[in-house]
Amino acid sequence: MAKGPSAADIEAFTGSPALDPVRAYAGLDSATTAEERARLAVDDLLRAGGFERGLLAVVTTTGSGWVDPGAVDSVEHLTGGDSAAIAMQYSHLPSWISYLVDQDRARAAGRELFDAVYDRWSKLPLDDRPRLVVVGESLGSFGGETAFSGEYDLRNRTGGAVFAGPPNFNTLYREFVDDRDPGSREVEPEFRDGRTVRFTDDPGADVPPTTAPWDGSRVLYLVHPSDPIIWWSPQLTTRGRTGWRSAGGTTSSPR
């Protein structure tokens, strides 16, 4: 978080005047509980003027507390530095170990950080609030999802979200994929005509369904076809070469 682009770096890239982005981060040892760490991070964000920027990104980290520079740097370049990002650490462990032992911490971190930010943000005048977005990668997407109950909650409380490489056990990701529109495939799901939630493996291309409007909050899942974190599940251990093997020994085509 501390090594992102400066205003001078952004100006050199865009050719336009820029601000120094605001970044706030609370380490694991800064407080005992996730709630306390979230409060400290929000206090730092407030002191640095983060709530006065045009866009505010709430970032849920991976297991070790890592924030993908590409996720934050791109926002800072696109906004000309008129942005703020906030994150906090919940574990010292690498993500693959955190998958096994720290899922509760990831869940608590995502919920506590967003709720602490939202509590402060929601008290600002309607015409003087930054656009509030959520970012999470891999286990960070799992934690980021846990602050929300579903599609409408994401739509009503954020200006958008990007969840990259969601693990197969993500609650909302599985809900959106399992309840996808009839005729769409698991590898290319469409959920309620893409009105809020969409999926893509190519962020440089138009996101399907391209013929449907995508108004209001936009929630995007980046799902790379070769990412084992996304596609692995216990069901794969019983999958036959021609489909999914049921308990009775029959097979059916994958959805």
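Visitor: Which residue does arginine 185 meet in a salt bridge?
Guide: This is a predicted model, where local features need pLDDT of at least 70, side-chain atom pairs count only at pLDDT 80 or more, and totals for chains, interfaces and linings use all residues. Residues are numbered from 1 along each chain as its sequence is written, and side-chain values use heavy atoms, leaving out hydrogens and water. A salt bridge needs a side-chain nitrogen of Lys or Arg within 4 Å of a carboxyl oxygen of Asp or Glu. At 3.1 Å, N to O, the partner of arginine 185 is glutamate 188.

Visitor: Is aspartate 153, which forms a salt bridge with arginine 157, buried or exposed?
Guide: The closest N and O atoms of aspartate 153 and arginine 157 are 3.0 Å apart. Buried means under 20% relative accessible area, exposed over 50%, and partly exposed in between (1.4 Å probe, protein chains only). Aspartate 153 has 19% relative accessibility, so the residue counts as buried.

Visitor: How far along the helix are arginine 39 and aspartate 43 separated?
Guide: Their side chains meet in a salt bridge at 3.7 Å, N to O. Both sit in helix H2 (residues 34-47); helices are DSSP runs (H or I, at least four residues), numbered from the N terminus. Because arginine 39 and aspartate 43 are 4 residues apart there, the separation is about one helical turn.

Visitor: How many salt bridges does the count come to?
Guide: Some are linked in a network, which joins Asp115, Asp153 and Arg157. By the rule given above, the count comes to 11.

Terms used: Helices (H or I, at least four residues) and strands (E, at least two) are DSSP runs, numbered from the N terminus.
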